[in-house]
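Hi,

Here is the structure I promised to pass on to you. Have it open while you read, and my notes on what was found follow just below.

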Amino acid sequence: VMPSESGENPYLYPPTQSLGRPRPHKIGLLAAREDPFFITLAHGARQAAVNLDVELFAQLPRSGSSAEQVQILDSLLARGDLDALLLHPVDIQALMPALQKAADAGILIITIQADLAGSSGVIPFAAIATDDRSGGFLTCQALAQTLAVREAGTEKTPIPPKRVYIQQGKPGSLNPGAREQGCLEALAQAADILPMSTARVD
């Protein structure tokens, strides 16, 4: 976790009192995989847990497979003392039996970048998500502006289009399709940028 320019921890929250709870609330966090996005998310969650007087059990699967996620989720639920569960499902259908078990046990389910709407019997307490299309648009808009500045002051000679290569993450992870769509929309507004074919990481 990187500190802000002022040197303060951006994830430092004011400590709270336990309000007479017999024990700290216990929260499970199940990420999709061990990558920079979820590592940063886990760091922030751990810092918040310390300052909000809760116990956090964060799990970041190494393989990113649905089978590993199911195994880890089953282990978390086997504790029998979770009050809430935050997760980003790799495969919602594969996790449904375990999620149904969590819901039946009264565990609050909070999804990250996922939608359980229409999943029979499981109603999430809350959902945390970003606008992936806007994120892709803003990122590539900034890229186009940076490339344009680099050409400032060039002699009046024909300049070939700048080529931009786009690489997506694994399918189903953080909605890469929407990010690509937003990126292409931004690049289409730049007259001298030529997007190349998109590659996907399996």
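**A polar contact to start with**

The side chains of Asp81 and Lys26 are joined by a polar contact of 2.9 Å. A polar contact here is a pair of N or O atoms within 3.5 Å; within protein, one must be able to donate a hydrogen and the other to accept it, and residues adjacent in sequence count only if both atoms are side-chain atoms. Another polar contact, of 3.0 Å, links the side chains of Asp81 and Arg79. Asp81 sits in the loop between α2 and β3; helices (H or I, at least four residues) and strands (E, at least two) are DSSP runs, numbered from the N terminus. Asp81 counts as buried because its relative accessible area is 17%, and buried means under 20%, exposed over 50%, partly exposed in between (1.4 Å probe, protein chains only).

Before you go on, please note that this is a predicted model: local features need pLDDT of at least 70, side-chain atom pairs count only at pLDDT 80 or more, and totals for chains, interfaces and linings use all residues. Residues are numbered from 1 along each chain as its sequence is written, and side-chain values use heavy atoms, with hydrogens and water left out.

Is Ala31 buried or exposed? Ala31 is buried, as its relative accessible area is 3%. You will find Ala31 in the loop between β1 (25-30) and α1 (36-51). Leaving out residues up to four places away in sequence, Ala31 touches Phe38, Gln59, Leu60, Pro61, Gln69 and His88, where contact means heavy atoms within 4.5 Å. Ala31 and Leu87 are 56 residues apart in sequence, yet 5.6 Å apart in space, C-alpha to C-alpha.

Gln69 belongs to helix α2 (residues 66-78). Gln69 is also buried, at 0% relative accessibility. With residues up to four places away in sequence not counted, the contacts of Gln69 include Ala31, Pro61, His88 and Asp91.

**The nonpolar cores**

A nonpolar core is a set of buried Ala, Val, Leu, Ile, Met, Phe, Trp, Tyr and Cys residues joined through side-chain atoms within 4.5 Å. Which members of the largest one touch the most other members? Of its 18 residues, they are Leu73, Leu76, Leu85, Leu87, Leu99 and Ile109. Two or more residues of this core come from each of α2, β3 (84-87) and α3 (92-104), and α3 gives the most, with 5 residues. A second, separate core has 12 residues, among them Ala32, Ala84, Leu86 and Ile110.

**Two pockets**

On a 1 Å grid over the protein atoms alone, a pocket is an open set of points where a 1.4 Å probe fits, with protein on both sides within 12 Å along at least five of seven lines; lining residues have an atom within 4 Å of a point. The largest pocket is lined by 20 residues, and Leu41, Gly44, Ala45, Ala48 and Leu86 lie nearest its centre. α1 gives the most to this lining, with 7 residues.

The second largest pocket has 12 lining residues, of which Gly136, Gln167, Pro176, Arg179 and Glu180 lie nearest its centre. α4 (132-150), β6 (162-168) and α5 (176-188) each supply at least two residues of that lining.

Enjoy exploring, and write back with any questions!
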